[in-house]
Amino acid sequence: MAKTDVKVLGAWPSPFVMRPRIALNLKSVEYEFLEETFGSKSPLLLQSNPVYKKIPVLIHQDKPICESLIIVQYVDEVWASGPSLLPSDPYDQALARFWAAYIDDKWFPSVRGIALPQGEEGKAELMVQVFEGLALLEDAFDKCSQGKAFFGGDKIGYVDIALGSFLGWLKATEKMNNVKLLDETKNPNLVGWAERFCSHDAVREVMPETDKLVEFAKMLRARFKAPAS
């Protein structure tokens with residue numbers, strides 16, 4: 001397939017943009033990455049995603065697919081000859097979708113909230129929520145992996161992509177707030193999994209460096225604090 005048949009609209013700091021890129025890498029699908037400029041939306045993005053007007057967008061044979069986890073499912077179904085990302089068993093598949101939804105709807109918002117300006121009491125409450133979520137995900141890994149390397153078993157799967165895409169920002173949050181969120185004592189399975197995930201060939205080239213994310217976050221803070229002209 002020609003490289004131009006598959007395009008990803010996105011931006012390097014976005015964990016959601018990482019998801020389709022990892023999925024395509026796992027399937028050995030060549031694609032063109034079209035970087036969106038921060039603070040503006042290209043005509044192609046607005047044309048491709050007129051409802052949400054946000055990244056990521058996968059364009060396959062001139063047809064746009066939006067929302068990161070929907071894109072991952074699409075990639076899994078279209079390029080079925082590659083390694084499966086979702087389990088074949090209906091129950092295991094439902095379980096994978098459940099944990100991916102939990103990560104997006106419940107867990108990561110708490111991580112993101114830690115970086116926002118607020119009082120110590122509010123930050124402490126969010127930290128508790130993050131730790132509680134990691135405990136749940138530690139248990140989920142134990143059950144989903146069945147003693148293997150990833151949530152998806154021997155290979156990276158749907159939940160791995162859903163959670164792993166946030167590891168860069170988790171590390172950046174730790175560094176910016178001088179805290180340890182993913183702890184070897186409390187989350188030994190997740191710590192080992194995170195190392196394996198980040199070192200995987202399909203992930204390594206798209207995982208942002210922690211220091212670059214920290215600088216990007218500082219730039220965002222400065223921009224939001226700046227008075228409107």
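The legends below describe close-up views of a predicted model.

**View 1. The largest pocket and the residues around its centre.** The largest pocket holds about 1,200 Å³ of space. Of the 40 residues that line this pocket, Ser14, Pro15, Arg112, Phe216 and Leu220 are the closest to its centre. Two or more lining residues come from each of helix H1 (15-26), helix H3 (68-78), helix H4 (90-114), helix H7 (167-177) and helix H10 (210-225), and H10 gives the most, with 6 residues. By class, the lining of the largest pocket divides into 23 nonpolar, 7 polar and 10 charged residues.

**View 2. The second largest pocket and its lining.** The volume of the second largest pocket is about 500 Å³, and among the 24 residues that line it, those closest to the centre are Pro87, Cys144, Phe151, Gly152 and Gly153. Helices H4, H5 (120-145) and H6 (158-164) each supply at least two residues of this lining, which comprises 10 nonpolar, 7 polar and 7 charged residues.

**View 3. Helix H1 and its two ends.** The 12 residues of H1 reach 17 Å from the first C-alpha to the last, close to the 16 Å expected at 1.5 Å a residue. Because 11 of these 12 residues are buried, H1 is largely enclosed by the rest of the structure; the buried residues include Arg19, Arg21 and Asn25, as well as Val17, Ile22 and Leu24. At the start of H1, a side-chain oxygen of Ser14 comes to within 3.2 Å of the backbone nitrogen of Phe16, while H1 is followed by Ser28, whose phi is positive, near 60 degrees.

Conventions: Residues are numbered from 1 along each chain as its sequence is written. This is a predicted model: local features need pLDDT of at least 70, side-chain atom pairs count only at pLDDT 80 or more; totals for chains, interfaces and linings use all residues. Side-chain values use heavy atoms; hydrogens and water are left out. On a 1 Å grid over the protein atoms alone, a cavity is a set of points where a 1.4 Å probe fits but cannot get out, and a pocket is an open set with protein on both sides within 12 Å along at least five of seven lines; lining residues have an atom within 4 Å of a point. Grid points are joined across faces, edges and corners, and a volume is the space filled by probe spheres set on the points. Helices (H or I, at least four residues) and strands (E, at least two) are DSSP runs, numbered from the N terminus. Ala, Val, Leu, Ile, Met, Phe, Trp, Tyr, Cys and Pro count as nonpolar, Asp, Glu, Lys and Arg as charged, and the others, Gly among them, as polar. The expected span of a helix is 1.5 Å times one less than its number of residues. Buried means under 20% relative accessible area, exposed over 50%, partly exposed in between (1.4 Å probe, protein chains only). A polar contact is a pair of N or O atoms within 3.5 Å; within protein, one must be able to donate a hydrogen and the other to accept it, and residues adjacent in sequence count only if both atoms are side-chain atoms.
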